[in-house]
Amino acid sequence: MTPSIVRRGALILVLAIVSPFLLSAQAVTGTVSGHVTDASAGRGLPDVQIIVTGTRIGAVTGPNGEYTLNGVPIGQRTLTIRRIGYQPTAQAVTVLAGSTVTADAALRVSAVNLNEVVVTGTGIATEKRKVGTNIATVDSALISRAQATTVDQAMQGKIPGAQITQNSGSPGGGGISVRLRGVNSFISGSDPLYIVDGVIVDNESGQLADLGVRSNPQNRLADLNPDDIEHIEIIRGAAAAALYGSRANNGVVQIFTKRGNSGKPRFTSTTRAGSSALRAQQSFNFYPFDVNGLPVTRFNYQDDIFHRAPSWEQNLTVEGGNDQTRYFMSGNFGNEDGIMRSTSSRRTGARVNLQQQLSSNLVANITSNYINTNNELQAFGEQNDYGIMGSLFFAPTSVDFRPVNGVYPLPPALGTNPLLAIARIRNPQTINRFIGSTKLTWTPLASLLFDYTIGLDNVGFEQSQFVPRNAVLGTAPLATGRSQSVVENNRIVNQDALSSYSWRPMGPVDMRTTVGVNYTSQRVRITSATANGLAPVGDLVSAGSVFSAAQSDVQLRTLGFYGQQEASFNDRLFLNAAVRWDASSTFAPSERWQAFPKFSASYVVVDNQAGALNNLRLRSALGWAGSQPGILNAYSQFVTFTQFPFAGRPGFVNDVTFGNPNLKNERAREWELGADVGFLGGRVSTEATYYNRLVSDLLFFRPLPTSTGFSRQFYPIGTMSNKGVELLLKTTNVDNSNLQWTSTMTYAHNKNLVESLTIQDFQSAGGYPNRIRAGEPAGVFYGSYAARNCQTGALLLDSLGRYRRSNQTADMGATLAIREALSGGTCNDSLNAVIGDPNPKWMGSFLNEFTIGKKLRLRALLDGVFGNKIMNLSTRAENAGIASNSKSYERELLPYGDPRKLPPGFNARTQGIFQYWIEDGTFVKLRELSASYTLNSLGVQRYFKDGVDLTLSGRNLAVWTNYSGYDPEINLFGTNAGGVGSVQTTSADRGFDFGGYPIPRVWQLSARITF
């Protein structure tokens, strides 16, 4: 081949690549700009989407409602203008070459919006009116007004059917768990599948070091900056989640970040300063006399452990672009001290989102987000050796923990000195994370679309721990000091390709066919090094004398294909059928491929009509989804082996779990029925949904005879159902130029039931009195109770006036005949019984928002959980004999003759009665409260065109509850279904308060400027 041929070939290739850009640059275009306002109040509306119909040209209005569209093809064009909470509108414009045309619009409030576009569960952008399932949407306005630290915090109280729980008050988010429509699996956690800009992300909350065994101080959704979020879409059921196959049993949450608007660069700076404080102190035994009646000094160390903690956050964004390029860039830094001394979280992040029109029919979207998080944590929860909360609850209040000559005294029976832990024990974390995606969209024809996305979520997680020598009571190796370093790399790569073709076989019928493929791979590598026997100086692993190390490498892969057919009749009746085929490396070869179909129908009966009834849509769906075994059980189809060296030589023994060669996924079938209704000119709307879900092939461990050489096998052990109702009511109470008042109410009722078990009922959390039992809700409290008279219901007391324990022969007799004679019947025949249900009967929220004039905005969000029970193991620890520091123990110390005095040993007796520690967990919280004011005088606008927004906000300001602990929302196990040091845990384990990090009351002041 001659050089001239090579040069000509290269020239042709360059021209082929460049020609689309040259043609695009030469296209004759114009500009459209305008101002979108609220039709009643007249104020500018931010976050309104304006799209040139039939093109990919679009923009989003700024804070004052202004927008600019560059590069609009000349001629007659139609603008589609829509915003969540408002009735969409279309406006015709005539675009002239090289000129700017003005197109203002006024949107009217509409509580129901069937034309809102969603993507989650549909494959490609689809109007809600065409979807037969309920898809919840939270827009950037609601997220920003929440003034939350994390994205999941911002969703609290806004989605019916979503139980979003802040399990602890640890800085940086507090280990929030999200449960959609009840418990759906025992082994795969409660969290839904999270997708960020097309990237499947990991939201793990497991621990690399023991920070409380099964407690979780933070999950990885805390890495995302809420100010970067454009909107969130949530699908709660299998009927909507079928397109996500074997990973969607818990629902799907898809997060979309901001893309930027066309126009000149626009900078936005948001500064927040805040303060957190303990809402209320716990009651302890401060009686000034001991059991012998002698004076004693008692100490309240809560003021030494907790303090008023400052926080500070700075966000800076810039966005802009033209008809070819749009960009959004942000940088943020946050520094939050925890209310527990020596705890903190610092997050630094940067984001670049870019959209580039490569040609007239090819668009590229690139997102990249780097986050660095540094946490200083302390152990809490089950960690009683060096955990601060455990040491507080288990130590007598008569112990003086203050240091003497620099030496901290240790408690008399258990754990460490909490003041020593604050001063010297360290648990630093460093997380470096990158989330990025590249998406190419090609539309060779107006009716044909091809889409390809590749995404990466890469997390580098380093956890260290330092427990100095002589910091822990006892003679165990921990007492000689411990230094630990653990490094984890968690990488997820997903690739998605889809094609969609729209066609019209006959006049009133529109069809759309979509096919797609997804491939996801995940690799988790962990390396740890630990040393005990530390030297008096030095805190590194190398300072130890007894060493150990461990390493693991787990890989998961999923391949899925899906197809979907949609049919539309007269733009009123919409039918949808789809199926996904999934293969996962966690499944056995014989069960590798699983099919997940779905069917849905939506019928718009009334569509934007005037009068009392404005909108009415009926919808129904049936679908299947699944759950895969997680990281801890990734290889459960195999017999695995554990290293067992002997006499300095390598060796291996089989693990206690026998492999299951027929392992397959859990499978959920869900039927959903609902309606969306709009009344009174769009001022009132309601969404009502009934769902019925049955999960079969629930995976857990069935026991095996020890003669097999194994003790258990990962195996399908039963079925479980969730049935419920979800209601959403939105009202516009007042809507005029001087005052707007809107309300949003949610209600959700879910009834969970373990339908069947192929094994005997079992204790779901190792060491805790809860149970998986057929015919009962998952995770019910099951244990000892105070015996009662079967005829009168009165408590049975012994000769000293103490309760009789149901499971103790010393209290109830050694034979059944004695028990029944003592009880006056058979009501106490069982040693243990179901004593409570941690699952709520219903949940609800009530949000009110006011706009006074055009400058002042007020909002208040109340949310609550009702009918659930909590087991207060923190107070039980206080009541233990080694502590004797509970408030109720004071009554044993009172002098004889005082009517309040309890008999000797009364509190010790209650240790064996789990029913005694069950409390009503019902609560209502003032979750969010804020007041915002816009300063836009001429002097201010001289420097900042949109003015300055000042906001005073509060979070978790008040709690109305009868619960006696720090906070009824605290949950020991968080999102963990298994974890470091965990013997046995399921995602059904809820309702335990044991040494939790209290959730603080938070106040913040923020200022937002745009220039």
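**Reading strands, patches and salt bridges**

Modeller: Let's start with a pair of strands: E29 and strand E30 (residues 613-627) pair in the antiparallel sense over 8 bridges. Before we go on, this is a predicted model, where local features need pLDDT of at least 70 and side-chain atom pairs count only at pLDDT 80 or more, while totals for chains, interfaces and linings use all residues. Residues are numbered from 1 along each chain as its sequence is written, and side-chain values use heavy atoms, with hydrogens and water left out.

Biologist: What do E29 and E30 form, and how many residues are between them?

Modeller: They make a hairpin with 6 residues between them, and Asn 608 in the turn has a positive phi of about 55°. E29 also pairs with E28, again in the antiparallel sense, over 11 bridges. There, Leu 575 has Ala 601 in E29 as its bridge partner.

Biologist: Which residues form the nonpolar patch on the surface?

Modeller: The general idea first: patches are made of residues with over 30% relative accessible area and no salt bridge, joining like charges within 9 Å and nonpolar side chains (Val, Leu, Ile, Met, Phe, Trp, Tyr) within 5 Å. The areas come from the Shrake-Rupley method with a 1.4 Å probe, and for residues only the protein chains shown count as cover. In this structure, the patch is made of Phe 569, Leu 573, Leu 575, Tyr 603, Val 605 and Leu 618, with about 450 Å² of accessible area together. Strand E28 (573-584) and strand E29 (593-606) each give at least two of its residues.

Biologist: Take Val 605: how exposed is it?

Modeller: We call a residue buried under 20% relative accessible area, exposed over 50%, and partly exposed in between (1.4 Å probe, protein chains only). Val 605, in strand E29, is partly exposed, because its relative accessible area is 32%.

Biologist: In what order do the 5 strands of the open sheet come?

Modeller: The order is E11-E16-E17-E14-E15, and the pairing is mixed. Strand E11 (135-139) and strand E15 (199-201) are the edge strands, each pairing on one side only. Neighbouring strands of this sheet are turned by 20° against each other on average, direction ignored; the axes are lines fitted to C-alpha atoms (for helices, over the stretch in contact), and angles run from 0 to 180 degrees between N-to-C directions. Inside the sheet, strand E16 (residues 229-235) and strand E17 (residues 252-257) run antiparallel and are joined by 6 bridges. Ile 234 stands opposite Val 253 in E17.

Biologist: How many salt bridges does the structure hold?

Modeller: It holds 47 of them, where a salt bridge is a side-chain nitrogen of Lys or Arg within 4 Å of a carboxyl oxygen of Asp or Glu. Take Arg 347 and Glu 313, whose side chains meet at 3.7 Å, N to O. Arg 347 lies in strand E21 (residues 344-359) and Glu 313 in strand E19 (residues 309-321), so this pair ties together parts that are 34 residues apart in sequence. Arg 347 counts as buried at 10% relative accessibility, and Glu 313 is buried too, at 13%.

Biologist: And Arg 504: is it buried or exposed?

Modeller: Exposed, because its relative accessible area is 54%. Arg 504 forms a salt bridge with Asp 510, with the closest N and O atoms 2.8 Å apart, and Asp 510 is partly exposed at 28%. There is also a network of salt bridges, whose members include Arg 181, Arg 617, Glu 670 and Glu 726.

Biologist: Which residues does Thr 416 touch?

Modeller: Contact means heavy atoms within 4.5 Å. Not counting residues up to four places away in sequence, Thr 416 touches Asp 385, Tyr 386, Ser 391, Leu 410, Pro 411, Ala 421 and Ala 471. Thr 416 lies in the loop between helix H6 (388-394) and helix H7 (418-424), and it is buried, with a relative accessible area of 0%.

Definitions and conventions:
Helix = DSSP H or I, 4+ residues; strand = E, 2+ residues; numbered from the N terminus. Pairing = 2+ DSSP bridges.
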